[in-house]
Amino acid sequence: LADGSTVQSATGSVRYDDDRFAWRTLESDSLRVHWYNGDEAFGLAALNAAQAGIQNIRGFFPPDLAQPVDIFLYTSESDLRGAFPDAEAWAAGHADSAAGAVMVTVEPGADQGILMEQRIPHELMHVMLSRQVGAGYRNIPAWLREGVSVLAEVYPNPDYDRVLADAAAREALIPMRDLCASFSPQIDSAFLAYAQSRSFVTYLRGQFGADDLLTLARAYADGVDCERGP
């Protein structure tokens, strides 16, 4: 106020649900999977992918499941963008860590199992890492947030290694300082950014271990500058 005093209101929250679809739900412990296109087996496969992702996350730190996580499966990118219109053109998922919500696109078909095992664990890692480091999560460099999230995937994209090797051969790797804030809106550049982030985080984990990787994330969350961290 004008006299320098502060007034603190009671904390409140508003939940905004995407009610465009007739959602079906399966849940186990603190994981809740919601989908609107596909049979019971589709939802069960998604729940299994989420549980496998949680197991991978345990390789980095104990996942915090004190509060539930809702996982919403969209059939198409256009449906996902109806819920998250600001998503990059290449984005196939989004995590709202504060709300404990994950949204991913999984097109029904022969590859749906692979897509689930990539996209659901990836977004779950964002939520779990945020719960580990707290309010400063967005201060963590994009390369670290995305690098650990790619490593949480049960079936990572096999093209990462090919794209990384090709860029290295052409001396076209992206400087890591350019991956601090965000990734390029261009699909090819963004894919290379994911590949580099995965490679760098794999190196850091191998050299220093998962505990030190989490310590690094917490240091960034506390305000350490991106380039000073490693």
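**Close-up views of a predicted model**

**View 1. Seven residues line the second largest cavity: Y36, N37, F42, L73, Y74, T75 and V106.** The model shown is predicted. This cavity holds about 30 Å³ of space. By class, its lining splits into five nonpolar and two polar residues. No charged residue takes part in this lining. A search of the whole structure returns two cavities of 30 Å³ or more. The other one is the subject of the next view.

**View 2. The largest cavity has a volume of about 60 Å³.** Its lining consists of F60, F61, L129, L144, V148, A210, L213, L214 and A217. Two elements, α4 and α6, each give two or more residues to this lining. Which element gives the largest share of the lining of the largest cavity? The answer is α6, with four residues. The class count is one-sided: nine nonpolar residues, no polar and no charged.

**View 3. The largest pocket contains about 1,300 Å³ of space.** Its lining takes in 45 residues. Closest to the pocket centre are W90, G93, E123, E146 and Y194. By class, the lining comprises 22 nonpolar, eleven polar and twelve charged residues. Charged residues therefore have a place in this lining, by the class count that assigns Asp, Glu, Lys and Arg to that group.

**View 4. Five elements each supply at least two residues to the lining of the largest pocket.** They are the strand β4 (93-96) and the helices α3 (112-133), α4 (142-151), α5 (159-169) and α6 (187-221). Which of the elements has the largest share of this lining? Helix α3 does, with eight residues. Two of the helices seen here return from the cavity view: α4 and α6 also give two or more residues each to the lining of the largest cavity. There, the largest share belongs to α6. In the pocket, it belongs to α3.

**View 5. The second largest pocket contains about 500 Å³ of space.** Lining residues number 18. Those closest to the centre are Y16, D17, D18, D96 and A101. The lining divides into eight nonpolar, three polar and seven charged residues. At least two residues come from each of β3 (69-74), α2 (77-83), β4 and β5 (101-105). Strand β3 has the largest share, three residues. Strand β4 links this view to the previous one: it supplies at least two residues to this lining and at least two to that of the largest pocket.

**View 6. D29 has a positive phi, near 55°, and is not a glycine.** Where does D29 lie? It sits in the loop between β1 (24-28) and β2 (31-35). Is D29 buried or exposed? Its relative accessibility is 75%, so D29 counts as exposed. The cut-off for that label is over 50%.

**View 7. E171 also pairs a phi near 55° with a residue type other than glycine.** This residue belongs to the loop between α5 and α6. Both flanking helices supply at least two residues to the lining of the largest pocket. Why is E171 labelled exposed? Its relative accessibility is 76%, so the label applies.

View 8. Along the sequence the pattern is β-β-α-β-α-β-β-α-α-α-α. Along the principal axes, the C-alpha trace spans about 65 × 50 × 30 Å. The radius of gyration is 19 Å. A compact globule of 230 residues would have one near 17 Å, so the chain agrees with that expectation.

**View 9. Burial, contacts and surface of the chain.** Of its 230 residues, 43% count as buried. The label requires relative accessible area under 20%. Take the contacts between residues at least 6 apart in sequence: 66% of them join residues at least 24 apart. The chain exposes about 12,200 Å². Carbon and sulfur atoms supply 49% of that area.

Technical notes. Residues numbered from 1 in each chain as written. Predicted model: local features only at pLDDT ≥ 70, side-chain atom pairs only at ≥ 80, totals over all residues. Heavy atoms only, no water. 1 Å grid on protein atoms, 1.4 Å probe; cavity = no way out; pocket = protein on both sides within 12 Å on 5 of 7 lines; lining within 4 Å. Points joined across faces, edges and corners; volume = space filled by probe spheres on them. Rg over C-alpha atoms; globule rule 2.2 N^0.38 Å. Buried < 20%, exposed > 50% of the residue type's maximum accessible area, 1.4 Å probe, protein only. Contact = heavy atoms within 4.5 Å. Areas by Shrake-Rupley, 256 points an atom, 1.4 Å probe, with all protein chains shown as cover.
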